Amino acid sequence: MSTTNYLTCSKGWKSWFLTLDHKRIGVMYLTAVLSSFALGGLFALAVRLELFQPGQQFMDPTTYNRMFTLHGAVMVFLFIIPSIPAAFGNFVLPIMLGAQDVAFPRLNLASFYLWMAGAVFFLVSLLGGGIETGWTFYTPYSTTTADSSVVSALMGVFVLGFSSIFTGMNFIVTIHQMRPKGMTWFKMPLFLWAIYGTALIQVLATPVLGITGLLLIVERVAHIGVFDPALGGDPVLFQHFFWFYSHPAVYIMILPAMGIVSELIAAGSRKEIFGYRFIAFSSIAIAILGFLVWGHHMFTSGQSVAASVVFSALTFTVAIPSAIKVFNWLSTMYKGAIVLNTPMCYGLSFISLFGIGGLTGLFLGTLSVDIHLHDTYFIVAHFHYVMMGSTAVAFMGGLHYWWPKMFGKMYNEALARVCCLFVFIGFNLTFLPQFVLGTRGMPRRYFDYPERFQFLHQLSTIGAVMLFITFFVMFSYLLHSLVRGKPAPMNPWGANTNEWKCSSPPPFNNFDVPPPMENPYDHTNLVFDEKLGGYRAKQVINS
Amino acid sequence: MSNNHHNENDHGGHPSFLAHHFSSPQQQYDAGKLGIWLFLVTEVLFFSGLFCAYAVYRFNHPEIFRYAHFFLDTTMGAINTVVLILSSLTIAWAVRAVQLNQRRLAVGMLVVTLLCAAAFMVIKYIEYTHKFHMGLTWGESFAPSAEALREVLGEAHGEVLEKPANLHLFFSIYFCMTGLHGIHVLAGIGVIIWMIVRTARGDFSSEYFGPVEYTALYWHIVDLVWIFLFPLLYLID
């Protein structure tokens, strides 16, 4: 065994900022996306506090518009999209394969610095007056609103897009070319299938966002008229371009989360995953179908009825692969020996919240119902159930699952489970009332509301405060564990994927001895060892 | 492909061009090849946004495109097309030369490619200046001079055309498409210079020629985009 690991093998700021090691880049990404999550969360809290009572509380309507725009833009572009692939994908992908690194380590580092550049552009637009267009940058808001720093925000989106493309390219090539002998496609953990599907979308959809952002910048700076009706342009064309990326982007956000959940549920059920191939192929199916449904964002924007009908029908087909996953997770748990450790709690939380998020999507995909629910709090609640209730919850699950591997320390398990429960309660308290608000006609993005909505808005705000406190406690015990945590065993959860076959934290080269390439979900050979505080192989050779 | 790259000690046997995390030159080459193809896919999609905008506006306003294309200089465009096709041939030849260890020939072919790329940009510069001079610019700033309008009537061979509304949209699309393509040519010039330096100092051989080949693939896509742009913008009718 090596005496040093990837954290201790070299020192000094250069060894981090110029590193080509996928694990260190993953850790840097993790720090970066968590900071963005905190920033985006503060904006959300400001929005919710302002809405505690009707009328103006502590910010004027323009500031309020800037707050929800920045909340959306920061959460989508700086947190959710890079979160799971760039932080956890980078860290575990090569290790899960049994490879030494991703295919293009320098491109990997470049992608991190592009992320940083994108974040700087966002900060510039935050300090330079803010943006009040909503994160979707719809024209003509984005081409005509004065005194806002749309251009720098769009530059940020453009640069972040390339960061995402580079990550996706790297992962596709790594999975195709860097698998060691014996690591066949169907021995890959399901997280990697999900990451692969995600990478396909990143590579195929993000360039369109790039060109859209670029065109919008040119439109705003040079008034070319392509999107500006005053000059003969077509603002709906912008919506088509935007959603051609941004709908598949929803699956960039949710697919990796589903990948994490497959790992959490399998490990927490102490049972082989049910329907491995179905889960694997459903990831690819979601990636493909995700490209064909962008028009469902535009049912009320004047697109033709024929197009709307087709988009509506295609939208419902996405429910099939999603349901395949959920039913396979449930079947995995059936007659399993479920261990309610923190990662598993997050896995269960994901399944119920994603269930609600997914099913409410069906209401919005139905043309007639969408006319009523469009642009209300119903849609806000729906996508928060998917983005936050599902993706962010799975992210937290992944964080607790891989934390011992990444840093070699265990956190306070009891406190972590309590926090998981409070995330679940706080989340539902925030967003369940919003479904009701939406169906009763409360439009999204409004600064003010009639008094009859006050009770539901207050419930929602209380939930948001609860979430804020819970996340604060969570980050505190995680940071505390870095200093005072018990040393983590090699395999705390009893999973059989390759990242649990190297030390915690892994050595610089990932493996001192190449791992055996076996069924990643065969847990029969693993037993819990009190002394280690984790799992080990049953037969001890040479004893 | 073997999995012996886990062993730190066998780095001594690696050729100098092989990055530490690959187990064989073949694996490195294949990874690079797949990587560059994926990059080209993103390039196609990047341009596709503009092609899509072109299609939408041409379908909705064919009269704008028919009228406006008379303003473009077909001869210049045709010369540029030939120049780019020639450069695609020479860069492919350079790849072949590197694979056969013919270093001098490879450098020569890369230099010819570079000259073609430069010639393309010079011709583009002449075209752009002419357009600016005539007031044929994008969107709001579009203000064709009387001279430009007279020229169009001459080009139309006596056929009397009515000047359509929103004529500037054609030039917005023209400048976006050719401008973005021009930026790609400039990027290509930078990479080709870098390849000339590396080839001249002997980095490449029949064992290791990936970067030259990847550059050539990129250059072909730049060429290919132009091959679509030329008829779509210059040869309407």
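Tutor: Begin with a cut-off. Buried means under 20% relative accessible area, exposed over 50%, and partly exposed in between. Keep in mind that this is a predicted model.

Student: Which side chain does B:K33 meet in a salt bridge?

Tutor: First the general idea: a salt bridge needs a side-chain nitrogen of Lys or Arg within 4 Å of a carboxyl oxygen of Asp or Glu. Here B:K33 meets B:E213, at 2.9 Å from N to O. B:K33 lies in helix α1 and B:E213 in helix α7 of chain B, so the pair ties together parts 180 residues apart in sequence. B:E213 is buried, with a relative accessible area of 13%.

Student: Where do B:K124 and B:E127 lie?

Tutor: Both lie in helix α4 of chain B, 3 residues apart, about one turn of the helix. B:K124 is buried at 4%. B:E127 is buried at 2%.

Student: What about chain A: which residue forms a salt bridge with A:K501?

Tutor: A:E518 does, with the closest N and O atoms 3.2 Å apart. Both lie in the loop between β2 and β3 of chain A, so the pair ties together parts 17 residues apart in sequence. A:K501 is partly exposed at 22%, and A:E518 is partly exposed at 37%.

Student: How many salt bridges does the structure hold over all chains?

Tutor: It holds 10. Look also at B:R198, B:R201 and B:D203, which are linked in a network of salt bridges.

Definitions and conventions. Residues are numbered from 1 along each chain as its sequence is written. Chains are lettered from A and ligands numbered from 1 in the order in which they are written. This is a predicted model: local features need pLDDT of at least 70, side-chain atom pairs count only at pLDDT 80 or more; totals for chains, interfaces and linings use all residues. Side-chain values use heavy atoms; hydrogens and water are left out. Helices (H or I, at least four residues) and strands (E, at least two) are DSSP runs, numbered from the N terminus. Buried means under 20% relative accessible area, exposed over 50%, partly exposed in between (1.4 Å probe, protein chains only).
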